[in-house]
Amino acid sequence: MNDITLAPIQPDQPSHLMATYGRQAISFVRGRGAYLYTEDGTEYLDALTGIAVCGLGHAHPVIAEAIAEQAATLVHTSNLFEIPWQTAAAQKLAEVSGMEEIFFSNSGAESNEGAIKIARKFGTQQGVSSPKIIVAEQSFHGRTLATLSATGNKKVQDGFAPLTNDFIRVPFGDVEAIQEVALQHPDIVAILIEPIQGEGGINTAPQGFSYLEEVRTLCNQHNWLMMLDEIQTGNGRTGKYFAYQHTNIVPDVLTTAKGLGNGFPVGAVMTQGKAVGLLGPGSHGSTYGGTVLGSRVVYTVIDTIQKEKAVENAAVVGGYIVDQLRAQLTDKNVQVRGFGMMIGIQLPKDCAELVAIARDQHKLIINVTAGSVVRLLPPINMTQAQADDLLERLVALINNYL
């Protein structure tokens, strides 16, 4: 095996990377569970996990072994051939999601693109010449042109006009607004929403998850597809395998990614009921979707989540973190919201600078979204002791700041 060591990057060394990210002045060379390590061995508690990606933590031994073994055996053959690991991964995902058909993609944006194509195909079959999809304000669905158009954030859309006009926007959680646009737009064929808006600030609907039940009823009444974007909320993040499972409904289309591969890039768009069979041979595809390696990772991640009871752990330990934050920050005029290991702390003022303070002074990795919301996305298998470690660092951070 070749031992390649990268030379340190010099401050005056030019970079050939496109400047699309505002990177922090730190890099990590190793991870283990809930912790990350720099080259000099400094340890950081990771409460972000690659933005809800590494749900089982970093360098999970079972996932690492599966990747290494498969990479040394067979990585890719293309979808021109049967892929047994893909079939097995689809079976696993169908079992935990309650869906019937699964298409593997490479990312969340690609999964949502697939959902949008499914909605258009459904509309075309209903005789709708210009199908429209209802989406929510403050949503985030991706950065391709179609998913960017669906996203309810003008900042990320700026400079990319003209966007597609296939989306009708309503306030998140507002069922009456949905009913109003239904009367105004006979060409609506679907609604695409997140059960919890992650990038929008860990926003939950005022009526909680019962919002999804109300949306399901409207979709049934109007013959729309109910499409849920569970890119961030899926794979155990909220204390259920998928967030919609906090209710008794099932969507027609479900998308996911992030925690599906525990760091390996993979996503999926899933269908059931009247959305089954809308995409057939030649109507959709992906060179890298569902490779042998990617499919084995998906299978192994789901299997490991099940065996470790990580979803149940996310519900219990995540609930503990929320309860402790509410108890310890009662006099700070903050609002704590979220489910499982998807937690937002709304501060009374903008707090983007907390990211650097948490990192440099408390050795804690967090994220701030929507200007004033500290977002926590810890591993779903985080232990009680690690949760207490997180609380100690985080409460001190917020107390010092406010």
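Is Leu 376 buried or exposed? Select Leu 376 and look. Leu 376 counts as buried, because its relative accessibility is 0% and buried means under 20%. Keep in mind that this is a predicted model.

**Stop 1: Leu 376 and its surroundings**

Stay on Leu 376, which lies in strand S15, residues 373-376. Now show what touches Leu 376. Setting aside residues up to four places away in sequence, the list is Ala 47, Leu 325, Met 341, Met 342, Ile 343, Ile 345, Ile 366 and Leu 394. Next, draw a distance from Leu 376 to Gln 13. The two sit 363 residues apart along the chain, and their C-alpha atoms are separated by 34 Å.

**Stop 2: Leu 390**

Move to helix H12, residues 384-401, and select Leu 390. Leu 390 is buried, with a relative accessible area of 0%. Leaving out neighbours within four places in sequence, Leu 390 is in contact with Leu 45, Ala 47, Ile 321, Leu 364, Pro 378 and Met 382. Now pick Ile 321. Leu 390 and Ile 321 are 69 residues apart in sequence, and 8.6 Å separates them from C-alpha to C-alpha.

**Stop 3: Val 135**

Go to strand S5, residues 132-136, and select Val 135. Val 135 counts as buried, at 0% relative accessibility. Its contacts, apart from neighbours within four places in sequence, are Ala 150, Phe 167, Ile 168, Arg 169, Val 170 and Leu 192. Val 135 and Ile 193 are 58 residues apart in sequence, yet 5.9 Å apart in space, C-alpha to C-alpha.

**Stop 4: aromatic pairs**

How many aromatic pairs does the structure hold? There are 5. A pair of aromatic rings is described by the distance of the centres and the angle of the planes. Visit two of them.

Select Phe 28 and Tyr 44. Their ring centres are 5.4 Å apart, with 75 degrees between the planes, and the pair is edge-to-face. The angle decides the name, because planes over 60 degrees apart count as edge-to-face. This pair links distant parts of the chain, with the two residues 16 apart. Phe 28 is in the segment before strand S1 (30-32), while Tyr 44 is in strand S3, residues 43-46. Phe 28 is partly exposed, with a relative accessible area of 30%. Tyr 44 is buried, at 8%.

Now select Phe 209 and Phe 339. Their ring centres are 4.6 Å apart and their planes meet at 50 degrees, so this pair is tilted. Here too the pair links distant parts of the chain, 130 residues apart. Phe 209 is in the loop between strand S7 (188-193) and helix H8 (210-222), and Phe 339 is in strand S11, residues 335-339. Phe 209 is buried, with a relative accessible area of 11%. Phe 339 counts as partly exposed, at 31% relative accessibility.

**Stop 5: two crossing helices**

Show helix H3 (residues 84-97) and helix H9 (residues 292-307). Their axes come within 8 Å and cross at roughly 35 degrees. The crossing is left-handed. Residues of H3 in the contact include Trp 85, Lys 92 and Val 96. On H9, they include Val 292, Tyr 299 and Gln 306. By class, the contact has 9 nonpolar, 3 polar and 3 charged residues.

Zoom in on Lys 92 and Tyr 299. Lys 92 lies over the face of Tyr 299, at 5.4 Å from the ring centre. For another example, select Arg 30 and Tyr 37. Arg 30 lies over the face of Tyr 37, at 4.1 Å from the ring centre.

**Stop 6: backbone details**

Which peptide bond here is cis, from Ala 161 to which residue? The bond runs to Pro 162, with omega near 0 degrees. Pro 162 lies in the loop between helix H6 (154-157) and strand S6 (167-170).

Next, select Ile 51 in helix H1, residues 49-52. Ile 51 is not a glycine, but has a positive phi of about 65 degrees. Ile 51 counts as partly exposed, at 33% relative accessibility.

Finish at Asn 262. Asn 262 also has a positive phi, of about 50 degrees, although it is not a glycine. Look for Asn 262 in the loop between strand S9 (253-256) and strand S10 (267-271). Asn 262 counts as buried, at 9% relative accessibility.

How values were computed: Residues are numbered from 1 along each chain as its sequence is written. This is a predicted model: local features need pLDDT of at least 70, side-chain atom pairs count only at pLDDT 80 or more; totals for chains, interfaces and linings use all residues. Side-chain values use heavy atoms; hydrogens and water are left out. Rings of Phe, Tyr and Trp (its six-membered ring) pair if their centres lie within 6.5 Å; planes under 30 degrees apart count as stacked, over 60 as edge-to-face and the rest as tilted. Helices (H or I, at least four residues) and strands (E, at least two) are DSSP runs, numbered from the N terminus. Buried means under 20% relative accessible area, exposed over 50%, partly exposed in between (1.4 Å probe, protein chains only). A charge sits over a ring if NZ of Lys or CZ of Arg is within 6 Å of the ring centre and within 35 degrees of the ring normal. Axes are lines fitted to C-alpha atoms, for helices over the stretch in contact, and angles run from 0 to 180 degrees between N-to-C directions. A crossing is left-handed if the near helix is turned anticlockwise from the far one by less than a right angle, and right-handed if clockwise. Contact means heavy atoms within 4.5 Å. Ala, Val, Leu, Ile, Met, Phe, Trp, Tyr, Cys and Pro count as nonpolar, Asp, Glu, Lys and Arg as charged, and the others, Gly among them, as polar.
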